[in-house]
Each structure stands twice: as structure tokens, then as C-alpha cells.
Amino acid sequence: MVDIGLFGLIMVAIAAGFVLGWRQRGRRLQQDNQHYGPKYFKGLSYLLNEQADSAVDAFIESLEVNPDTLETHLALGNLLRRKGEIAKATRIHQNLLARPSLTTPQLHEAQLELARDFIRAGLLDRAEGLLQELVDVNSQYKSEALTHLIEIFQDEKDWEKAIAAANQIGQRRFGRDTGERAIARAHFCCELAEDAMEQNDLLTARRQLQKALGYDRQSVRASLLWGQLEHGQGNDREALKILQRIPHQDPELVVESLDLICACYERIGDTKGLQRYLEELLAQYPSSSLVIKMAEQVRWARDDYAAADFIAEHLRRRPTIKLLNRLVELYLLHSEGRARDNLQLLKQLVDQVLEAKPSHHCRKCGFAGNQLHWLCPSCKTWGSITPITGVEGE
């Protein structure tokens, strides 16, 4: 079926061309109408016969490209791109670049839009070339070009280039604020650190993590990676110093460090130290995962019943499905007959609820999933994913 909105815009654009041309040429109106008239009616015929490609061609031919009509061309091209008509949008923007009558800033604007067409089409190498030209000539669209280059380098996982591009953007021109730019660069360094850790290049990994924290002191990801690195090298006390920064960096992400913290304390044999630290965390940053960790300490120090009582006490204070699930698991270990069957049924129902509910969400766009993504898959924001809190979460 015909896209009425798209066809309508083409008709309006063609008509606008006549009006603008009339105002510009004055006495030549009659002569120009004779020139454009047939193409206008041919384009209208294409529209009525649902021939969108031919209608766009007629538009390009009938509407002269000049400073007065440039915005009309750009508006149509952008609408086509938003609607997924990438080939048509590309044809319009390429047509603009072929017009020597446009000023340099106008050509740069058309070049930026063409690069956006290529990005949408997945032709990243062609888009990168156009965008890099805008950067090299210091175009007024340099900031927008750099932002798109960063997106391309992220997709290509070329983190060095992403950092270099981010460093060229003015502080008020990247994203919404300088904080967002700093967070992004810290994550780029963390990506490089992860690559270095995989290659056992620990010197480079430490250097990149130090850079990450230089860009963003609140980078939980950098602290987690550095803690993993030191733990892997047997430097557990150093790892704990690093990991204990996390509650001050982002309290919502404390739960992401619990397994590693417990592993470090257990390796150095400081059970009491672990208990004290977990109690401090629970007092300031309560969560279901933290209660469960502490219940495990109670279980090993005393027994299952004491651990169950500990969880039940906190379940009354802050009821969550995760705590209920763990409580049922503990009771199942010591139940028989019908009671066990009933508890098993309850456990299956709770498991189904937990499987159906996401554990993490994006603070910015609301995306929800079952794992921690450092880059939101939906809005492409770095560091916006956190554990869900409340009855269905932490």
C-alpha cells in the first residue's frame, strides 16, 4: 500500500519548489512553469499510481537545488531514512552533493546526512570516510561527525579510535553533558583492559584501568576488573582494597562484587573480617543478595535452621521473591512427606516467577534483562544498567 504521509510530503515538496522558484525568479515565472510543469504532473501521476521510486526521481528533477530549497530536500531525505527507505534517502543526499551551487557549509550538511544514511544501511566504512572528512576540514558539523564516529568505532570494537574521537569533542557537545563523555571513555579503557587481561598482559591492563578511573572515579566496572586481576594474581588484600571502593562509587552495584569479595576473604582465611564487612554493607546498602550471602556465613558457622531464621527475619523486614526462594530451599533440606511435596510445589512456582522476571534494568530507557550489560542494548548508554530493586528484585 502507498505510504500516504510520504507521498504527501513529496507533493508538498514539489509544490514548495514552485513557490520558492516563483519568489526567486519573479519575471521568469511563466517560463519556469513551462519547464517544471510537466515533471510536476508526471510526479503526481507516479504518486497516484503508487510508484514511489519514480515519484522521488520526479521530485529530484523538478525541484531545483538552491539555498531556498535545500531544507526541503533535507527534510524529505531525513523522513525517508526514518521510515527505512534508505536507498531513496541516499539518492536525495547524493544529489545534493553533486550540486556546485551550494555553499561549503551546505555541502557539509548534506555530507553528514549521507553518512547517516550509510550508517543506517550498515555501510560503516563509507560512513566513516565521509565523517572523517568533516573532522579533518574542521567543519561546523565536526562534533556531530565525531559522535557518529564513536558509534561506529564502538560497533567495530576499535576502542583506541573511540577514545581518540571522544577526546576531540568539546565538553558540551558530547551527549548531554561532560559526565556522559567521561563515563564512555572509562568504559572504552575497560574494554582495552579486558582484552589485555585475556592476553595476560597485566601491565597494560593495569595501565588502562588506571586511565579509566582517571576519566571516571565512579567507574564500578574498572574497580571490578582490577579486583579480578589482583585476585587472579593472588593479591587478595590489594583486591579487597579496590573492591571496597564500590559502595562509594555506586551502591546499587554492590551486589555485583559480593562473590569476588567473599572469595578474597576466604582465601586469606579472614572469616571474621568477611562477616564484619558484610554486616557493614547490610546496614548501609541492604539487598536480597547480601542477606543470602550473610545467611551462608551463618549456615556454615551454625546450621541450616539458624540460616533459615536469619533469612526469615529479613524477609519480614524487606520481602522479596529471592529471599523467599532461598528460605524454601533451606526448609526443603529437612522436610519429608506431604510437607516436602508442598514445599517442592512452592519452589517450582517461585522459580517460574524468578525466571520470568528480569533482574536488571536501564535507568535511562527502562530496558530490562537478566544480566548486567555495561552498554545498554536499547539506548546505547554506558553504565546505565543496574539491578532491579523491590519485591521482584534486590
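These questions and answers walk through a predicted model of one protein chain.

Trainee: How many helices and strands are in the protein chain?
Mentor: Both element types occur in this predicted model. The strands number three. The helices number 20.

Trainee: What share of the residues counts as buried?
Mentor: The protein chain has 394 residues. Buried means under 20% relative accessible area.

Trainee: Is helix H4 roughly parallel or roughly antiparallel to helix H6?
Mentor: H4 covers residues 70-82, and H6 covers residues 104-121. Their axes lie 11 Å apart, at an angle of about 10°. Angles under 35 degrees count as roughly parallel, so H4 and H6 are roughly parallel.

Trainee: Is helix H13 roughly parallel or roughly antiparallel to helix H15?
Mentor: H13 spans residues 236-243, and H15 spans residues 258-268. They pack with axes 9 Å apart, at an angle of about 150°. Angles over 145 degrees count as roughly antiparallel, so H13 and H15 are roughly antiparallel.

Trainee: How many nonpolar residues are in the contact of H13 with H15?
Mentor: Leu240 and Leu243 are among the H13 residues here. H15 brings residues including Leu260, Ile261 and Ile268. The contact has no polar residues and three charged ones. The nonpolar residues number eight.

Definitions and conventions
Residues numbered from 1 in each chain as written. Predicted model: local features only at pLDDT ≥ 70, side-chain atom pairs only at ≥ 80, totals over all residues. Heavy atoms only, no water. Helix = DSSP H or I, 4+ residues; strand = E, 2+ residues; numbered from the N terminus. Buried < 20%, exposed > 50% of the residue type's maximum accessible area, 1.4 Å probe, protein only. Axes fitted to C-alpha atoms, helices over the stretch in contact; angles between N-to-C directions. Parallel < 35°, antiparallel > 145°, perpendicular 65-115°, else oblique. Contact = heavy atoms within 4.5 Å. Nonpolar A, V, L, I, M, F, W, Y, C, P; charged D, E, K, R; others polar.
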